[in-house]
Amino acid sequence: MTLSLDYNVELYPLYKGEAVTVTLASSLSLGGLNQDKEANTWRPGAKTTKGLDDDYDYVMFGRASIALKVYKFDEAAEGKVTVYASFGGLLMALAGSFRHLQNIVIGENIYLLMRR
């Protein structure tokens, strides 16, 4: 897989050769709650329950006009696809096997989480 990502380097600086874990999720709930149940808060269950974001250093999410939205799939030869998403101006392109990216849905809000 290949990832190209715009993110805030002032908040989360990364250096050449540094390893980072990147996760895409449709919910921050450890129980996998539906996104609709979390729609009214940025951080569902804040201070009351542990969420996926507690295990990561940097989280990007958006909704409405500045949402992290999957807006395009490009299909290449041999089952390779590229998923494009926007975080209110911060862009992501994730290229890889369709088998690994097939659960990402165009127009769906998603979270991007990073940790060292």
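These legends go with a handful of close-up views of one predicted model.

Residues are numbered from 1 along each chain as its sequence is written. Since the model is predicted, local features need pLDDT of at least 70 and side-chain atom pairs count only at pLDDT 80 or more, while totals for chains, interfaces and linings use all residues; side-chain values use heavy atoms, with hydrogens and water left out.

**View 1. An open sheet takes three strands in the order β2-β7-β3.** The pairing here is antiparallel (two strands pair if DSSP finds at least two bridges between them; strands are DSSP runs of E with at least two residues, helices are runs of H or I with at least four, and both are numbered from the N terminus). Strands β2 and β3 (58-60) sit at the edges with a single partner strand each, so one side of each has no neighbour in the sheet. From one strand to the next, the twist averages 15 degrees (axes are lines fitted to C-alpha atoms, for helices over the stretch in contact, and angles run from 0 to 180 degrees between N-to-C directions).

**View 2. Strand β7 (residues 111-115) meets β3.** These two run antiparallel and share three bridges. Look for M60 opposite L112, and for V59 with its bridge partner L113. On the β2 side, five bridges join β2 to β7, again antiparallel, and T23 stands opposite L113. Strand β7 is mostly covered, with four of its five residues buried (buried means under 20% relative accessible area, exposed over 50%, and partly exposed in between, using a 1.4 Å probe and protein chains only).

**View 3. The largest nonpolar core brings together 14 residues.** A nonpolar core is a set of buried Ala, Val, Leu, Ile, Met, Phe, Trp, Tyr and Cys residues joined through side-chain atoms within 4.5 Å. Those with the most contacts inside this one are Y7, Y58, M60, M92, L101, L112 and M114. Strands β3, β5 (80-87), β6 (90-97) and β7 each put in at least two residues, and the largest share, four residues, comes from β5. In soluble globular proteins, nonpolar side chains tend to be buried together.

**View 4. L101 belongs to helix α1 (residues 98-101).** Its relative accessible area is 2%, so L101 counts as buried. V83 is 18 residues away along the chain, yet the C-alpha atoms of V83 and L101 are separated by 7.8 Å.

**View 5. E18 and R116 form a salt bridge.** The rule asks for a side-chain nitrogen of Lys or Arg within 4 Å of a carboxyl oxygen of Asp or Glu, and the count comes to one. Here the closest N and O atoms are 2.5 Å apart. The pair links distant parts of the chain, 98 residues apart: E18 is in the loop between β1 (2-5) and β2, and R116 is in the segment after β7. E18 is partly exposed at 28% relative accessibility, and R116 is partly exposed at 47%.

**View 6. L3, V20 and V22 make a nonpolar surface patch of about 190 Å².** Patches take residues with over 30% relative accessible area and no salt bridge, joining like charges within 9 Å and nonpolar side chains (Val, Leu, Ile, Met, Phe, Trp, Tyr) within 5 Å. Accessible areas come from the Shrake-Rupley method with a 1.4 Å probe; for residues, only the protein chains shown count as cover. V22 lies in strand β2 (residues 21-25) and is partly exposed at 32% relative accessibility.
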